[in-house]
Structure formats: C-alpha cells, structure tokens
Amino acid sequence: MDAETLLSIEDLRLALPDGRVLLDGVSLSLARGEALGVVGESGSGKSLTAMTVMGLLPDVRSSGAVRFRARDLLMQDARAWRRLRGKEIAMIFQDPMTAFLPVRRVGAQIDEQIRLHEKLSRREARARTVRLLGEMGVPDPAAAAERFPHQLSGGLRQRAMIAMALSCAPALLIADEPTTALDVTVQAQILVLLTRLRETGAGLMLITHDMGVVAQACTHVAVLYAGVVVERGPVRAVLDAPLHPYTRALLAAMPPLDGPRPAHLPAIAGQPPAPDARPPGCVFAPRCPQVRPDCAIRPPVVRMGEQEVVCVLYAS
Amino acid sequence: MLRMLAARLGQMVFVLFGISVLVFGVFFATPGADPTARIAGRGASPEVMARVRSAYGFDRPLPVQYARMMEKLFVSRDLTSFVDHGAPVVPEVMAAAPVTLSLVLWASLFWVVFSLAIGIVSAVLRDSWVDRFFMGIGLLGLSMPVFWLGEVVNLVTQSRFHDTWLFSWVPPLGYVPFSESPLGWARALLLPALTLSVAFIGLYARVLRAELLAAMGEDAIRTARAKGAGPARVWLWHGLRLSWLSYVSLFGMDFAQLVGGGALLTEVVFALPGVGRLTYQGLNTLDLPLIMATVMYAAVFVVLANAVIDGVYALLDPRIAEGRHGR
Amino acid sequence: MSALLEAKDLERRYRLRDGRELQAVAGVSLTIAPGEALALVGESGCGKSTLGRLLLRLDDPTSGTLRFDGEEITTLSERRLRALRPRMQMVFQDSYASLNPRRTAGDALAEPLRIHRRPGVAARVRELLGLVGLPEAAAAKFPHEFSGGQRQRLNIARAIALGPALIVADEPVSALDVSVQAQIINLFRDLQARLGLACVFISHDLAVVRQMADRIAVMYLGAIVEEGEGMAVLAAPAHPYTRALLDAVPRADRPLPPPLSGEVPSPISPPSGCRFHPRCPIARDRCGIETPALRMTGTGRAVACHFPLVSEAGSGFSS
C-alpha cells in the first residue's frame, strides 16, 4: 500500500450473529484526491460497507481488514473510533431532514461537532460554522445557522450537512446516497459541491445506486452485487468497457436519454438473492445470461488492465 | 403569537364552561332529584329547605340556577356547605390546596428523578439482568395499590418499627405547614410522597425506556455517533432530547390530575387535609356544594396544565410551534 | 379520435391553517386519447401528483372542468362516480402501503371483481397474474413475501382487474432498483399495447418518462410549461426549464453543465409573471411582468415561454 492510499478495504466480510452473511468479500481502495463511487442495488451491502468504515455497526462479526492511513480500523478501541469519527472520517446521509436532530438549530449541531474535536470557544466554533455554510453556498449563513432543520429547504439542509461533515477538515468523506432525496436540479448543485471538495485533497467515498451520479462525481468505481465487489476500476474504463456481466446488464437496463428508444429495455430477469440465500459460487450466476458450469465456484479476482473483475469469463 | 394565545385562552374558558355545565347538570338538573334536599343534607328542617331553595334559586329556571351557582362559586365565593353547618366551601378548598400541592411536588420530584435514572439505565443496558430487574420492580410498583402500600408503610413506620433507630424520625400522621416548620413539613410529606410516587416511577421508567430505545434507532442518533460523540452524549444529549416529548406530556397530565385531587387515596391514608380528602369527605356526606367546588378546582388545574404542556411542547419541538409536524 | 379524458383549466387550491392559500395546480388543460401514454414530469411540489389525483376525481378541483369519455365528471356525485371507477384506476409508488398486509395476493385481486360482481373470479385472478408475469402460486402469498418489483406487478394486476380504459400511475418505478425498474417499465408498455390502455405516468425521472410515455407535459409550480411528443421534447426542449431539467441529469457521456441556481419557490407565494423567471438563465424584463400562455408552436408542441429555445419547426435555436 503506497503512501497516497487513504483507505483500503481487503476482503471484508460481515455476518450477523445468526450466521447470515451481509458482506462476502469487499475489497476497495481510495487514494487522496480520489472519489470512489460504490454502486449497487438495495441490499447489495454498499451502505454496510460505509458504516463499517465509520465503525457504526455494533452487532456484526467481521473479518478482513479496513486500513485507514495504515491503521487497521477493525482493531481499534471505542475511544480511538470516537476520535476518528467526525474528525478524520466524516459522513453525510441520504435524508438531511432526519439526519439532523429536528429539535435543535442547525448551527448548534455543527458547532457541536467542531467542539467535540477541537478546543474552541463557542464563538470561534460558530465563526467556523458560518464560514463553512457560506462556502457551501448557503445564502445568509449566519441567519441559516439559527434556523431549525425543517425551516430550511432540502437542498440547503444537505449543504448544511456537508458543512457539518467538513467542519473538522476530514481526510475522508463518506456520502451515502447524498442526492437521492433531492430534486434533479438541486442534485446537480450538490454534485458540483462534492466535486469541488476533491480539490482540497480529501478522499470521497460516494455510495449510490445511480451510475450517472458516479460518472459525474467520481474518479473510480466499485460495483457491488449481493455483498460482493464484482468489478472495480477507474470510472472511464468501467463505463466505457464494463467487464462483468452484471455491470453490463446494469448499464444496459438504464433507459437512455437520447438516441433511439428501445421497444424493450434489456432488463435483468429475477431478483437479487436474499442474504440467507446467496449462491455459494458467483453471486450473479442465477441471473447471468452468460452463466457456465464453473460459475458454481466463486471466481477469483482477475486484473484486466486498470480494472479488476470477479468473473470466470476472464479467468485464464 | 398573540392571536394564538388569545385563541388558547378562549378554548380554555370554553372547556371550563363545558365542564361546569356538565357537573351542574349531573348534580342539580337530573330529573327526579331534588337538589334542595341534597344541599341541605339529610334530615334538614323545612325552614332550612326553604332557605336553600330561595338562596339557590331552585324555584327559578335552570339557566338562572346555573348562573347563581357559578356566581356563588367564583364571584361572591360564599357557597356554603350545609352538611358542615354553613361553613363556606371556597376557603376550605383554598386551605386544602397547599397541602395537596406540597404532596404532589414532593412526589413528582421523586418520580422524575427515579424514573429518569431507572429509565436511562435500563435503556442503556437493555436486555441485561439490570434492565430486567428494574423493569420487574417497576411493574411491581405499578401494580401495587397505593392505599395498600400506604397502609403497609404506616404499619411499619408508625407502629411496628416506629421505635427503632430507622423510623424514630417519622412524625405522627398529619400535615405541618411549611410556614410553621420547613423541616417538619418535609418530614411529614416524605413518606406519603414516596408512596404516591412508586406507581409513577414504574410507569415513567417504562415509558422513558421505550421512547429512548425508539429514539436510538433514528437517523439523527446515527449522525451524532458519526460526529464522534461519546455514548453519554449520544444518550443524554441527543437521545433524551428526541424522546422526552411523551414523557413531558404524561407528566403534565398526571401532575395536574393529582393536584386536582387525584391523590385522594394517599391523602386519606396519611391523614393529609388536602383537596383529595376534601372531595372524599364531600362524596361521603353527599355535600353537593363541596363536590361542585372541588370538581371545578380540579378542572381548572387540568385545563391549565394542558395549556402549559402545549407551551412546553412548542419549546421542545419547534415544528409544533409552527403547526406542522415532520414534512 | 375523440379524447378519453379532457381537462380544462383545472385548478386546485388548498387553504392552509394560517389562512394563506396554496395553489397546487394552477389552471391545467390537457387531453388524453384512448390508448395514449402521457407523462407528467417535474420536481417535487410542481403539482404533478395533485393533478394526477384530480384527473381521476380522487380529489376535487377548485375550478375547471373534467370530461371522461365525453361525460362531464367535474361535479359528479361520489355514488355516480363509483360506477365509473372500474374504468379509471391508480397505481402508487409505495407498492407495500397500497396492499393490505393481512390479505393474500389472490384476495387483493379478487376483491374489486367481487365488489363489481364480475363472474369467473378465480379464472380472472389467474389470468391477471399471468398478464403481469407472476406465477399462479403467487395468489396464496402475502404482500411481505414478495419483492418490491413483484409487489408492484401485483398492484398493476389489481389496477387492470376490471378492464379500465385509463390508469394513472404515480412514480410507479421510482422506488425500484434499476434492474427491476426496467422490468416494470417493459411490463407497462406491454400491457398498454395489449389492452389498449391509456396511461398517465407521473415521474421526476426524464429517462424513465422518455421510455414509458409517448407525450410528456413538463410542470413547474402547478402549471404546464411545455408539452409535446416525448422524444422530440427531450431532443430539443423549447422551455428553458425543460432544458435545465434535462441538463441536470447526471450522465456518463458529458460533464454536468452549470446547474440552475436556487430552488423551486414556494407555491404559497409564486413569483409574478413567468413563474420560472427568477431561476431562468435567459429571463428578460418582460418575464417578470407578463405571464406567458401555453401556446402551440406547430408540430404538436406547446410552450409557455416568451422566448422559447426552438423555433416553430421544432429544430434550431431562436435568437
């Protein structure tokens, strides 16, 4: 792992106490100034991966390694986690309405995070809060800090959320579906904001179900299916030449915005498997158009140029 | 804001009016019942009957009777108890009120402190033996009738073990006004208040535990942890903040109900001359003026408490102040 | 061909508790031909869902008229409407909330048939399951035993049970994952072709709308700002808002153009003149004063803009 690598997850597996497997081999890496899109459908484990990096999953058994700046996060104690969260790794959530405490003013909630990690007076913390809100494009930031979450529009709430996440200048920002609850025109504004963030040298991990969002805001992408990273690589490479049948099917299933309109969208038949009914071999095999007998054994990770793919089609 | 206050005030007056009409109707306008005989008490002489009839206007139409009654209750305040040979009722209630208020203040202090402690500890240690123990005790406290518990307390502290070092400080039953002796006041109320609070501790601890655990599943709590807040801060600062709305409203209603005379059994058992005991006496002797006065007094407290709760609600949750909840 | 549904100047106002008024739908006129698929597109608060409910008389318009199959239904009594209900149905976004969790899929499908005393209930239930691509065994299952996509199939089956002429579907695929979403989009198009259904799709997603509908109507703050043939509108939007909406969609093949500033204003106090003018990149003085009417611009396109982006012919940019 080179010096620039911020986060590397190696073969992370998570299971519930009752034995149900949630993540079944997630490997990712993220360098400074990069933005990694973690794409998958609901139940693929993309949010779980993020929560693991934040240490916010209490009752799971985990194996593998989550390394952040050469520290293994899974090995650290509760105090170390607390110092890390909000300071070195910060997170923003899908619904800024419920993510903020509804009964306290937005500014006070941002001040709280600053003062949790730095010895600052209330006044100094508030000055930073107002500055951050302003930088996030919140009009009249001092007044906005005095509002309650429900008094702000959805877009402003998410900007305030991002301001809070950035308040202690974290090295890594995790955004879990940050634009899903927003209208498209507001989503575009937030994506611009997130893209600008990368220029500060921080790393961004963007959890999303939307390939378009990944294309816009990320440099790298990892495609998750049923708790397994099936393909990862630079965004351009993966979007231009997807290797895994699932990645291809996912891209093909998106209705096009221009060009001819297909009479039928190439949908993927069936449903993703439930966590307790995952196939032992390739997790995508039951829905895969190119399934073969050797898919019954979990395929190895194959390196193809800049991309990595987990599929028998590329195993030599 | 002013308009809201005015509307609220009008609403309160309207509710009180409704209650007074209802109570008046039940006791005085029930067909076949002669209120004169009831007010005059059992075995009254014909002269007394005649005096009562004209004083209350029972020979006049119902609205006049009602107006006369309210006037006697609120304006001239000379409504008299005929059972008690002409003792005015309103000063009696006013004299009883501080006793009840003192008792309920002490009790609520106990039940808030203990239920907060037990509720939070049980929620944090949910499903552990500590939690099960506390919830078991809480259920026990909830299901013990207060008059029985009071008698047991009396038995233990007044007679059986009164002369041991443990309970020799316990004063005889009855009330000591604060102005007379603050220490005596506190000593006289300690055991009654504890007895009264037991059931509430059980109930409130359970409610708080359930609300806290529900709040801990909220997105906002996840955010608090993601910010790097420690467990104490997450539970007490964020969790409580989200979950004490129903606790507060429950408290307001119970407090008002008790001050209004709901602590009747405790007052009777511990011989405290409060509003509850007064109501109890009134009911025993069918002293209608006294009942009318105590019921109206209770209604005023409940309605007032409701208004206070709404105000506190708006302070605790700004979304309510604006008349919208959630989105 | 005569219109199946014809709405004229439909308006819906809500009175708020503080006495102010919210104009959710501000004078919308549109027609839907039999078998046609129309989409109502816009951001949250544009009134598309309210309009959808008005079209089925699930909500009463404050003013305006509504004709279904030639019959005026604007003020039809609830009892008379009930006779029309089998011909107009609705599908909602939340597939779970619209099903009774304690009743099997078979019950859910049989219920409308029994209410309207249709013969051969059992056979019809089997036929409906087949139409939406569910196995016959699904009839005995409860809603929670289905996946989101399957539940939405079930909702669609229930909506078509009585053989309606019109279905209004409010965000029917937006809660679904991409791979499942494609299945449901295909299902809608199949059913439309096979049963000659007219559909109104309500959606915020332009790509989904393009795939599902023949004609689209773009709404902003309660009013239609542009309407026309779907592919044409999205290939060359005439209204600056349609353009902005299209530009805001994150896509793989181009970087995001600079997004619109600000957010949708409150429908309680909408801007004067053209409602879009405060956010419009090409607004001029006139836009703040004069409200543009929805005008036909030739080839079946209607635009409510003083300075539309495309000329009459539907191609090229105006100065």
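Colleague: Where in chain B is Ala271(B) placed?

Modeller: Ala271(B) sits in the loop between α11 (264-269) and α12 (275-285) of chain B. Helices are DSSP runs of H or I with at least four residues, strands are E runs of at least two, and both are numbered from the N terminus. This is a predicted model: local features need pLDDT of at least 70, side-chain atom pairs count only at pLDDT 80 or more, and totals for chains, interfaces and linings use all residues. Residues are numbered from 1 along each chain as its sequence is written, chains are lettered from A and ligands numbered from 1 in the order written, and side-chain values use heavy atoms, leaving out hydrogens and water.

Colleague: Why is Ala271(B) called partly exposed?

Modeller: Its relative accessibility is 27%. Buried means under 20% relative accessible area, exposed means over 50%, and partly exposed lies in between (1.4 Å probe, protein chains only). So Ala271(B) counts as partly exposed. Ala271(B) also has a positive phi of about 55 degrees although it is not a glycine.

Colleague: What about Asp11(A), and why is it called partly exposed?

Modeller: Asp11(A) has a relative accessible area of 37%, so the label is partly exposed. Asp11(A) is in strand β1 (residues 5-15) of chain A. Its phi is positive, about 50 degrees, and it is not a glycine.

Colleague: Why is Ala248(C) called buried?

Modeller: Ala248(C) has 4% relative accessibility, so it counts as buried. This residue belongs to helix α9 (residues 240-248) of chain C.

Colleague: Which residues does Ala248(C) touch?

Modeller: Contact means heavy atoms within 4.5 Å. Leaving out residues up to four places away in sequence, Ala248(C) touches Val184(A), Thr185(A), Ala188(A) and Leu256(C). Ala248(C) and Leu260(C) are twelve residues apart in sequence, with their C-alpha atoms 8.1 Å apart.

Colleague: Which residues of helix α11 in chain A are buried?

Modeller: In α11 (residues 245-253), they are Pro245(A), Tyr246(A), Thr247(A), Ala249(A), Leu250(A) and Ala253(A).

Colleague: What covers the buried residues of α11(A)?

Modeller: From chain A, the cover includes α9 (211-217), β9 (220-225), β10 (228-234) and α10 (235-240). Helix α6 (178-195) of chain C is also part of the cover.

Colleague: Step back to the whole of chain A. What makes its radius of gyration agree with a compact globule?

Modeller: The radius is taken over C-alpha atoms, and the globule rule is 2.2 Å times the number of residues to the power 0.38. For 316 residues, a compact globule would be near 20 Å; chain A has 20 Å, so the value agrees. Its C-alpha trace spans about 65 × 50 × 35 Å along the principal axes. Chain A has eleven helices and twelve strands. Buried residues make up 59% of its 316 residues.

Colleague: How do you know where the ABC transporter domain is in chain A?

Modeller: The position comes from UniProt. An unreviewed entry has "domain: ABC transporter" covering residues 7-251 of chain A. UniProt positions are in the numbering used here, feature names are shortened, and annotations may be inferred rather than shown by experiment. In the model, that span is 40% helix and 26% strand. For chain C, the unreviewed UniProt annotation "domain: ABC transporter" covers residues 5-246. That span is 36% helix and 26% strand.

Colleague: What does the model show at residues 185-205 of chain B?

Modeller: An unreviewed UniProt entry places a "transmembrane region" there, among others. The model has 100% helix and 0% strand over residues 185-205 of chain B. The end C-alpha atoms are 28 Å apart.
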